[in-house]
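Please look over the sequence and the model below before reading on.

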Amino acid sequence: MNIYLDYQATTPADPAAVAAMQPFWTAKFGNPHSNHRFGWEAEAAVDVARGQLAQLLNVQPESVVFTSGATEANNLALKGVMARAARRRLVTVATEHSCVLETARYLEARGFVLTVLGVGADGLIDLAALEAALGPDVALVSVMAVNNEIGVVQPIAEIAAAAHAAGALFHCDAAQGFGKIPLDMPGFGIDLISLSAHKIYGPKGIGALVLRPGLDLEPQMHGGGQEGGGLRSGTLATPLAVGFGKAAEIAGARMEEDAAHAEALWEAFLAALHVPQVINGSTAHRWRGNINLRFEGLDGDRLIADLRRLSISSGAACASAKGRHSHVLEALGLSRAQAKASLRIGWGRFSTEDEVRAAAAMIEEAVLMQRRTAA
């Protein structure tokens with residue numbers, strides 16, 4: 001039995017999202033920017049998808065700018081804001097996704113001022129430290145909603161309020177939070193939010209940047225200016241937009257059900273795991289579809305090698321592909337050895353209690369074997 005528990009890396013597409021996309025690969029193949037029947041049909045479908053995303057965020061559909069994914073959305077948000085801002089400083093957090101941190105460092109190398117705040121051992125930002133770091137030179141604060149490695153949920157509304165009190169904009173990378181936790185943009189005070197379809201059972205290759213009305217960003221791709229009134233150029237992939245919209249609609253309808261399912265799997269997994277372990281990051285403020293476990297003194301990569309029937313990871317997929325260690329776990333204060341002794345395990349809508357119990361038994365066996373070998 002092969003068990004997939006790497007839901008933070010990507011999710012299987014919901015069959016309803018796949019079905020919604022199907023006609024737009026074939027009969028309804030028009031370019032949504034064309035001025036004829038085929039184009040209008042595709043444009044109407046994109047508009048529906050735009051509305052489905054907007055409804056989940058309590059904004060107007062025209063606020064949604066489709067992108068190729070959350071990485072592009074984050075790049076557009078940070079570079080686009082800073083290029084037009086009179087202020088020169090950007091504030092972010094050490095546990096952000098690499099596409100935010102690398103974009104921030106890119107801006108720093110080009111003359112902007114960068115402040116990277118630390119977090120506590122629980123992975124949460126210290127609001128007092130954030131307020132102390134803010135000042136009249138800060139243009140943008142960027143903090144993710146749900147961490148991709150440890151599942152910690154940041155106090156987004158409080159962070160946004162602190163940013164606004166300093167006269168700054170607030171950007172939120174919600175790739176891991178959208179569709180899982182409530183994210184009311186105006187209610188939370190979010191100015192810009194980045195989304196990804198393949199984290200919510202939609203297709204890969206599409207995301208969105210959603211903007212508060214009236215924001216002035218510098219485009220990062222130039223051409224026809226098809227999206228956002230010229231903010232983003234390129235022909236939209238209608239099938240992907242349709243799939244994203246359907247996935248968002250389903251996520252909104254199932255949000256409480258999916259959260260309860262994730263909680264039940266969390267409890268079942270821990271009840272079935274009978275070896276000493278430490279949960280990295282807060283358990284109280286967390287998306288329960290993500291558990292990051294540390295097995296002191298062991299090698300996580302060796303454990304993964306011994307778990308060939310179990311698809312899990314030692315951290316973010318982009319970092320694992322390049323053999324990088326986890327900057328998130330190090331930001332919690334873990335040593336390099338402790339970070340290497342950690343596993344990220346994620347379940348979701350299509351995971352079962354039998355699967356998580358079986359996974360716990362596999363992990364337990366691998367841990368005991370490695371400890372016996374090391375003895």
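The model is predicted, and the description begins with strand 6, which spans residues 169-173 and is mostly covered, 4 of its 5 residues being buried. Strand 5 (residues 138-142) runs parallel to strand 6 and is joined to it by 3 bridges, with Val-141 standing opposite Phe-170 of strand 6.

Among the aromatic side chains, the count comes to 7 pairs. In one of them, the ring centres of Phe-178 and Phe-244 lie 6.4 Å apart with their planes at 85°, and the pair is therefore edge-to-face, since planes over 60 degrees apart are classed in this way. Because Phe-178 belongs to the loop between strand 6 and helix 7 (185-188) whereas Phe-244 belongs to helix 8 (residues 238-272), the pair ties together parts that are 66 residues apart in sequence. Phe-178 is buried, with a relative accessible area of 1%, and Phe-244 is likewise buried, at 0% relative accessibility. Elsewhere, ring pairs link Tyr-4, Tyr-7, Tyr-201 and Phe-350 into a cluster.

| Charged residue | Ring | Distance from ring centre |
|---|---|---|
| Arg-37 | Phe-38 | 4.6 Å |
| Arg-88 | Phe-112 | 4.0 Å |

Note on methods: Residues are numbered from 1 along each chain as its sequence is written. This is a predicted model: local features need pLDDT of at least 70, side-chain atom pairs count only at pLDDT 80 or more; totals for chains, interfaces and linings use all residues. Side-chain values use heavy atoms; hydrogens and water are left out. Buried means under 20% relative accessible area, exposed over 50%, partly exposed in between (1.4 Å probe, protein chains only). Helices (H or I, at least four residues) and strands (E, at least two) are DSSP runs, numbered from the N terminus. Two strands pair if DSSP finds at least two bridges between them. Rings of Phe, Tyr and Trp (its six-membered ring) pair if their centres lie within 6.5 Å; planes under 30 degrees apart count as stacked, over 60 as edge-to-face and the rest as tilted. A charge sits over a ring if NZ of Lys or CZ of Arg is within 6 Å of the ring centre and within 35 degrees of the ring normal.
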